[in-house]
Amino acid sequence: MASAWMSVLVTLAAVKAAQYGNDRRPCASILASSSVVTLGSPVTATCVIDDDCPALAGQVELRLDNRVLSAVVPVSDGRAYRVVIPAFNRSRATLTCCLRAAPSHVIAGLEIRAGHPPPVPQNLSCQAKLSTHESLTCKWDASPPESHLPTKYTLHTYIGDLKWNHTYELPPGVRSYTIPRAGFVFFSEMEIYVKAENPLGQTSSARLILEPVSSAKFDPPRIMKLQAWRIGCLRLIWDFSQHQNWMKEFVSLEARLKTEASSLWTERPILDQMTPERHVYQRGLLHGTKYLAQIRVRYQQSPWSDWSDSQSAVTLETAPAGALDTWMRVTGNLVPNQLKMLLFWKPSERFRANGRNVSFVVSALKTRGKLCATAGNHCTFHVPKKARKVYLFALNAAGKSTPTSVRIYRPLAAAGEAIWDVGAIAVGDGSVSVRWGNLASPNVIDYIVEWGPLLNSDLSLVHFETAAWNSSSLNLTGNFEPYKPYGISVYPRFKNGIGPPRTVHAYSLQKAPSVDPKLIIKKTWQYHVELTWDEIPLERRNGIIQSYKLFYWDETKRVHVATGDPEERKVVLTGLSSLSVYHAVLMVSTHGGSRNGSIFQFDIKEMDPVSSIIIVVATCACFCLVIILLVKICSSKHKWLKMRFWPDVPDPANSSIKSWTSESTQDIRASWDFDEPNPIYLSHLSFLEIAQKPNKAEDVTAWLNNAEDTSDLGESMCGSPFIPGFTSSNSDSVPYATVIFPAAHSHEYLRSESTQPLLQSEELQSPKCYQNIAASEDPQVFFGPKEDTVAATIQWEDFPFLKALTLNDTQ
């Protein structure tokens, strides 16, 4: 073992002495077929030990980077070692000759590189720059495969007119070069090509022959002025860049225009050869429309310059042209014989405003009768019920359009004229698809779909579309904000009117509501509880509410689910225990998501047994008292009670006034009803007690002043026989008499009035007043005042009722 280590040390000393002796020469070298080879080709290498290092014979090995090469063949008595690499697949690697005992000690080495010949340069192009520093820049691409070797490029130019030949060398890897102004002539053809060279060979690009000025890219020109020239025409005045003004007579120009509301440009060449004045006219444009214009230039087939800055102008106005799309419906009938109409309109594809400030006028006739005028898209007005159409005009500063005739369709209330089903769903990109049940009526003209935001009542935000009579769906695009509710109505339009609409709510995009409803205990009873919650405001729903789900649990953590009706917004929980405390969470869901509310805690209070018994006993007692009261009322014989529920009505045909005393009337009228006349009196007779007075006239006057005792007579309908000239206020009434029984005096009769005749034989032209003559005298009655009386004979057989009232002295 010691001898082996001694041999290694001796060898290392010899190598070191050989490497770092006085002449500092290596004692070995590697010879290869080539240090640069084609990738994948074989490589042969030999490690040769110099004669100055005899101790190294048989002690070396060959390595390629860190890999030992096994196919090493010793030659020349062990002083040379040869190796063959069948395919060199690395772009670069190091071949070393090392000591076997110490591989880190390299006695010789060689770097071998592999690659490909340089690829042919492709897409050679050159572009002249016409600015302060004029130049010609050429660039090219290297085609695959990559050479993996340093490649040198040279640019060669040849100007045939001047016999100039120039070569420009480039740094390795650079693929563009800028030729200075002295190396080319603008209007002389020159030949240009690129040569690529590396250790494996060289290649050249195709020859490019060009006139430098034809490759120049000009700076963007400037639009000096854009103005309206004639109807439908704009004049454009432009100029070159300051450094390229000398090229003004050689370039071509291209312009593009667009309307202010459009996003698309129209491109078309204006002139192939520019005039020195540089005036360009754009014709065939819309009238009264604001346009934006841009221009660019080039020389022959050179690249186009960049577009210039935009300039705007408005063409001359003319009267609006084309028809408008309209939709009109009846909104009310508040004014007699007039209809309140609401008219919407929008531009059709053929409509041209031809002006910037456009207004609209609705007229009853083509020439006069203005109903309303506005600059918006809708109008409200009244028309007579017999009106059949109105006319819509568009106006601007230049004039008025031809009228658009709008027919008036009246609403139809028949059930068969209504659409039976309408639905709306979002279809993405901010649009909504509306579907409805198509009516099989031959009178259907078309369908009108109207929609607008529910959170904003501004009529200018209302839109409409018209669908054909055989359509059952329509896609509504644009004008929809996400998470906002919209009302969509579908109207069927018939030949004789408009059917009632069907309306649905729709969202173009939905998400979970912004707020959650708060739970409230509405009612509790034993083992049950009713929970309610408020409706979420429309602006916070963010979608159509699909369901409410209540999740609740007790101490056992077992979760129960109850579903609430979206319309009623309540849920009843049954089978609860009064010994547990419950927790609940309400989840509200839309098509776009769900939101959970906060945890709500509640419990059920157990009813006290004593309270339950008291409630049951009280209920039974009340029920029994009601039964007893009903039985008592039905079986009672008390006059007061009997007369209250079953009053006795006297029969005037079988009775006389002499048997009707004031005591007997107490059975007829209850004690608390003296303030009002009893409606059961058939003869409307009043019995009055007149106090005794020495003068008969004073007695009658006192009775007349007693309004409370004569309330059943109403207001005085006939003058008293003792008041001359007093007449009735009701000329159509039929007279009858009120009997007065003054004590110890002769009987008095006062006349009254009624719309129901007391006696069938009484004449309509009866006297105003009468007075009964004493029974001892002739049965005559003197009508009118005493000083102006007319005697008449009364036949008592014609007045049976008055005859029954006659009192004789014996009676």
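Guide: Gladly! Look at Leu 136, which stands opposite Ile 179 in strand 14. This is a predicted model, where local features need pLDDT of at least 70 and side-chain atom pairs count only at pLDDT 80 or more, while totals for chains, interfaces and linings use all residues. Residues are numbered from 1 along each chain as its sequence is written, and side-chain values use heavy atoms, leaving out hydrogens and water.

Visitor: How do strands come together in a sheet?

Guide: Strands of a sheet pair through backbone hydrogen bonds, either parallel or antiparallel. Here, strand 11 (residues 135-142) pairs with strand 14 in the antiparallel sense over 4 bridges; two strands count as paired if DSSP finds at least two bridges between them. Strands themselves are DSSP runs of E with at least two residues, numbered from the N terminus.

Visitor: What is the strand order in this open sheet of 3 strands?

Guide: The order is 10-11-14, with antiparallel pairing. Strand 10 (121-129) and strand 14 (176-179) each have a single partner strand, so one side of each lacks a neighbour in the sheet.

Visitor: Is Ser 589 buried or exposed?

Guide: Buried means under 20% relative accessible area, exposed over 50%, and partly exposed in between, using a 1.4 Å probe and protein chains only. Ser 589 has 8% relative accessibility, so this residue counts as buried. Ser 589 lies in strand 46 (residues 581-590).

Visitor: And how much of the 811-residue protein chain is buried?

Guide: Buried residues make up 37% of the chain.
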